Amino acid sequence: MAIKRRKKPRATIRAGESSAIRASAMSPYLARFIEYSNARGYSERTTELREGHLKRFIAWCAERGVDRVQDVTRPILERYRRHLYHYRKESGEPLSFATQQQRLLPLRAFFKWLARENYILGNPASELELPRVHRRLPADILSREDVEAVIAQTHLHGAFGVRDRAILETLYSTGIRRAELTNLKLYDLDLKHGALLVREGKGKKDRYVPLGARAIVALKAYVEDLRPELVIEPDEGYVFVHEFGEPFEKNRLSDLVKKYLLAAGIAKPGSCHLFRHAMATQMLENGADIRFIQAILGHAQLTTTEIYTHVTIAKLKEVHALTHPAERPRVRGYEPGDDERAALLDTLAADSEA
């Protein structure tokens with residue numbers, strides 16, 4: 001299968017912000033804190049996020065003449081919290097409360113460490129209040145028809161469509177997270193027995209996830225026919241590689257999936273996680289036990305998985321229409337038949353199991 005590999009563009013760096021961070025007297029403390037986080041066994045993703053969010057804070061401080069960790073006070077942290085609340089992205093949208101919380105949590109950890117190491121006399125972040133994040137139902141769920149329409153778009157993209165179909169089928173079949181897919185190695189795939197191993201998923205936990213027949217076929221076609229022509233040496237063994245022959249980065253993968261969603265006429269917000277939501281809700285609708293879905297998704301708490309039970313509203317409405325006095329005509333002498341009773345009991349049993 002002949003393909004033409006694209007030339008990788010050069011990365012761009014915001015020089016002004018980077019120089020301000022390097023010049024700040026807080027930077028040596030940040031480096032030590034990241035070293036401490038690595039030594040404690042935090043995942044690479046966690047330390048990357050901590051470092052990125054703390055660098056944003058350091059740059060914000062530098063713009064306001066705050067250069068030392070000893071000069072950071074609680075009012076300054078409160079002012080930064082308000083800055084995040086009023087901040088607007090290029091699209092004009094505010095940061096979500098979840099994103100604001102994610103940017104503030106590293107500050108609490110950083111200043112707690114500084115105080116424990118006696119770099120500062122007191123911890124100014126000890127009573128920093130975080131934005132409340134409400135657990136919400138997934139706002140947009142792909143239907144079965146939506147998913148099929150998106151996957152069908154891969155047929156229009158030749159050789160790379162083979163890879164992209166394997167990506168989409170894997171996301172839909174397993175419900176794994178974006179980062180978990182980008183970290184997949186060839187030895188994590190067990191196509192013979194229909195499973196894959198997620199290594200160090202969220203919380204640094206491993207788990208086995210079943211692979212459906214369609215995903216197995218798509219993965220075989222990609223791994224055996226296309227991947228050998230895409231990958232560049234040294235081959236690190238990552239399953240999915242982009243046009244430059246290197247492993248996918250998470251944002252690049254999101255852009256790829258979003259392209260197919262838009263091509264299918266689906267403008268719902270999100271990309272990779274939409275397939276995770278779709279898998280969970282559709283399995284639950286089809287009668288899967290929520291505890292099995294919890295194991296597949298890798299949720300530590302069942303309460304996290306329970307947000308998907310909103311799909312049972314259709315069944316609840318069916319029961320409501322069948323039984324509520326105001327929803328059906330009162331007929332003198334009417335008694336439901338055995339078939340209707342059986343159907344109602346089956347519906348109730350399905351609800352209780354879900």
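Biologist: Which hand does the crossing of α6 and α7 have?
Modeller: In this predicted model, the axes of helix α6 (residues 144-152) and helix α7 (residues 158-174) come within 10 Å. Their crossing is right-handed.

Biologist: How are α6 and α7 oriented to each other, and why?
Modeller: The two axes cross at roughly 160 degrees. Angles over 145 degrees count as roughly antiparallel. Therefore α6 and α7 are roughly antiparallel.

Biologist: How many nonpolar, polar and charged residues has the contact of α6 with α7?
Modeller: From α6 the contact takes R144, V147, V150 and I151. From α7 it takes R165, L168, E169 and Y172. Sorted by class, these are 5 nonpolar, no polar and 3 charged residues.

Biologist: How are α6 and α11 oriented to each other?
Modeller: Helix α11 covers residues 272-285, and its axis lies 10 Å from that of α6. The packing angle is about 140 degrees, and the crossing is left-handed. Roughly antiparallel needs an angle over 145 degrees. The two helices are therefore oblique.

Biologist: Which residues of α11 meet α6?
Modeller: On the α6 side the residues are R144, V147 and V150. By class, the contact has 4 nonpolar, 1 polar and 1 charged residues. The α11 residues are F275, A278 and Q282.

Biologist: What kind of ring pair do F57 and F111 form?
Modeller: A pair of aromatic rings is described by the distance of the centres and the angle of the planes. For F57 and F111 the centres are 6.2 Å apart and the planes stand at 85 degrees. Planes over 60 degrees apart count as edge-to-face. The pair is therefore edge-to-face.

Biologist: How many residues apart are F57 and F111?
Modeller: F57 belongs to helix α3 (residues 44-63) and F111 to helix α5 (residues 97-116). The pair links distant parts of the chain. The separation is 54 residues.

Biologist: Is F57 buried or exposed?
Modeller: Buried means under 20% relative accessible area. F57 has 1%.

Biologist: Which residues do ring pairs link into a cluster?
Modeller: The count of aromatic pairs comes to 14. Ring pairs link a cluster that includes F57 and F111.

Biologist: How far apart in space are R22 and K55, C-alpha to C-alpha?
Modeller: R22 sits in helix α1 (residues 15-23) and is exposed, with a relative accessible area of 62%. In sequence, R22 and K55 are 33 residues apart. In space, C-alpha to C-alpha, they are 9.5 Å apart.

Biologist: What is phi of N118?
Modeller: N118 is in the loop between α5 and α6. N118 is exposed, with a relative accessible area of 65%. Its phi is positive, in a residue other than glycine, and near 65 degrees.

Biologist: What share of the chain do buried residues make up?
Modeller: The chain has 15 helices and 3 strands and 354 residues. Buried residues make up 39%.

Note on methods. Residues numbered from 1 in each chain as written. Predicted model: local features only at pLDDT ≥ 70, side-chain atom pairs only at ≥ 80, totals over all residues. Heavy atoms only, no water. Axes fitted to C-alpha atoms, helices over the stretch in contact; angles between N-to-C directions. Helix = DSSP H or I, 4+ residues; strand = E, 2+ residues; numbered from the N terminus. Parallel < 35°, antiparallel > 145°, perpendicular 65-115°, else oblique. Left-handed = near helix turned anticlockwise from the far one by under 90°. Contact = heavy atoms within 4.5 Å. Nonpolar A, V, L, I, M, F, W, Y, C, P; charged D, E, K, R; others polar. Phe/Tyr/Trp six-rings, centres within 6.5 Å; stacked < 30°, edge-to-face > 60°. Buried < 20%, exposed > 50% of the residue type's maximum accessible area, 1.4 Å probe, protein only.
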